[in-house]
Amino acid sequence: MPELPEVEVVRRGLARWVPGRGVESVEVLHPRAVRRHLPGAADFAARIAGRTLDEPRRRGKYLWLPFGEAAVLSHLGMSGQLLVGEAAAAPQRHLRVRFAFADGGVDLRFVDQRTFGHLMVCPLVPDPHGGEAGVPDVIAHLAADPFEPVFDDEAFVRAIRRRRTGVKRALLDQSLISGVGNIYADEALWRAGLHGERPTERLTAAQARLLLRSAREVMAEALEVGGTSFDSLYVNVNGESGYFVRSLNAYGRRDEPCGRCGTAILREVFMNRSSYSCPHCQPRPRHAR
DNA sequence: AAGGGGCCCTGATTGC
DNA sequence: TGCAATCAGGGCCCCT
């Protein structure tokens with residue numbers, strides 16, 4: 001499941017293959033892949049054809065390829081992939097959108113099994129968080145991610161403590177902090193020794209800082225080894241898996257011993273998804289949220 | 001108005 | 001054996 005580190009791996013891959021190349025044609029093979037591009041698939045393709053793509057950018061889990069004052073914005077959802085490969089290669093089973101370039105070189109493909117991901121063209125607007133580069137209008141309401149220079153640590157600490165919800169819910173809220181998904185939320189909470197259902201309003205400033213530091217550290221370590229791949233659904237632009245699954249301490253480790261204390265990792269269903277935690281290191285609060 | 005729940009989607013796995 | 005139920009979950013939308 002692509003979260004910040006996985007999307008950054010993809011961005012770095014695209015940065016090697018895409019900038020400065022002119023798009024010759026865009027083929028939309030499944031309308032759902034561009035469902036958020038309201039003028040439709042034909043308009044999506046027409047807006048990109050003939051344009052030259054710029055350096056890829058990212059905020060949280062969103063990735064975009066700017067061209068002038070607009071950009072192709074992507075979210076990979078659960079199973080989306082952006083792949084670079086020989087233009088003559090056979091189409092993948094779940095190929096949704098294909099970009100061909102005027103130079104006849106490697107093409108760019110959006111492949112997505114579960115179709116939670118999408119692509120759209122949207123205008124760039126000034127960054128509300130003060131970054132120098134513009135950001136796609138439809139994601140201007142999202143928080144910056146903790147790898148960005150414009151991310152304000154103390155503003156995050158104040159904001160999360162003002163919330164009235166559980167810590168894990170807050171971590172997954174992209175308007176508070178971008179880029180954290182279910183896997184890295186569980187890993188950050190494990191590192192910080194906090195249960196995901198702890199009320200945010202009872203976090204001390206020190207605990208909120210520790211949680212932020214934990215999230216940053218775990219995502220930086222994942223990025224170094226190419227991200228987390230459970231199966232072939234997350235790969236880099238060349239189709240290769242990342243290795244961070246070997247370093248997970250909580251996520252997916254039901255009944256396995258905690259790396260700190262040896263207690264069996266607990267799996268619980270929370271927010272209609274799995275949450276993994278150590279019942280000893282991350283005790284459930286008396287007043288859970 | 002912030003918070004929380006339902007829903008979308010397909011393939012692998014599990015259960016009867 | 002074969003079919004059906006279950007599970008995976010990010011983010012939009014809607015309701016309170």
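**Entry 1: a starting point**

Between which two helices does the loop with Thr165 lie? I found Thr165 in the loop between helix H3 (153-162) and H4. Helices here are DSSP runs of H or I with at least four residues, strands are runs of E with at least two, and both are numbered from the N terminus.

Before going on, I noted the ground rules. This is a predicted model, in which local features need pLDDT of at least 70, side-chain atom pairs count only at pLDDT 80 or more, and totals for chains, interfaces and linings use all residues. Residues are numbered from 1 along each chain as its sequence is written, chains are lettered from A and ligands numbered from 1 in the order in which they are written, and side-chain values use heavy atoms, with hydrogens and water left out.

Back to Thr165. I looked up its relative accessible area, and Thr165 is buried at 16%. Buried means under 20%, exposed means over 50%, and partly exposed is in between, with a 1.4 Å probe and protein chains only. I then listed the contacts of Thr165, leaving aside neighbours within four places in sequence. They are Ala170, Arg198, Pro199, Thr200, Glu201 and Arg289. A contact means heavy atoms within 4.5 Å.

**Entry 2: the whole chain**

I stepped back to chain A. It has six helices and 11 strands. Its C-alpha trace spans about 60 × 40 × 30 Å along the principal axes. I checked the radius of gyration next. A compact globule of 289 residues would have one near 19 Å, and the 20 Å of chain A agrees with that. The radius is taken over C-alpha atoms, and the globule rule is 2.2 Å times the number of residues to the power 0.38.

Buried residues make up 53% of the 289 in chain A. I also looked at contacts between residues at least 6 apart in sequence, and 64% of these join residues at least 24 apart.

For charge, I found 40 positive and 34 negative side chains in chain A. The centres of the two sets lie 7 Å apart. Lys and Arg count as positive, Asp and Glu as negative, while His and the chain ends are not counted. Each charge is placed at NZ of Lys, CZ of Arg, CG of Asp or CD of Glu.

**Entry 3: helix H5**

How many of the 11 residues of helix H5 are buried? I found 10 of them, so H5 (residues 182-192) is largely enclosed by the rest of the structure. Among the buried ones are Tyr184, Asp186, Glu187 and Trp190. The cover over the buried residues of H5 includes helix H1 (4-17), helix H4 (167-172), helix H6 (205-224) and strand E11 (273-277). Just after H5, Gly193 takes a positive phi of about 70°.

Glu3 is buried, at a relative accessible area of 3%. Not counting residues up to four places away in sequence, Glu3 touches Lys61, Gly179, Val180, Gly181, Asn182, Ile183 and Tyr184. Asn182, Ile183 and Tyr184 are buried residues of H5. I also checked Glu3 against Gly60. They are 57 residues apart in sequence, and their C-alpha atoms are 7.5 Å apart.

**Entry 4: what the record says**

I read the UniProt record, an unreviewed entry. Its "binding site" annotation covers His94, Arg114 and Arg163. These span 70 residues in sequence, and the farthest two C-alpha atoms are 39.9 Å apart, so they do not all gather at one spot. UniProt positions are given in the numbering used here, feature names are shortened, and annotations may be inferred rather than shown by experiment.

Arg114 lies in the loop between strand E7 (107-112) and strand E8 (118-125). Arg114 is partly exposed, at 38%. Thr115 is in the loop between E7 and E8. Thr115 counts as buried, at 13%. It has a positive phi of about 55° although it is not a glycine.

The record also gives "domain: Formamidopyrimidine-DNA glycosylase catalytic" for residues 2-117. I found 19% helix and 34% strand over that stretch, with the end C-alpha atoms 10 Å apart.

Is Asp255 buried or exposed? Asp255 counts as exposed, at 60% relative accessibility. I found it in the loop between H6 and strand E10 (266-270). Asp255 has a positive phi of about 70° although it is not a glycine.

Arg246 is in the loop between H6 and E10. Arg246 counts as exposed, at 67%. Its C-alpha atom is separated by 8.5 Å from that of Thr228, 18 residues apart along the chain.
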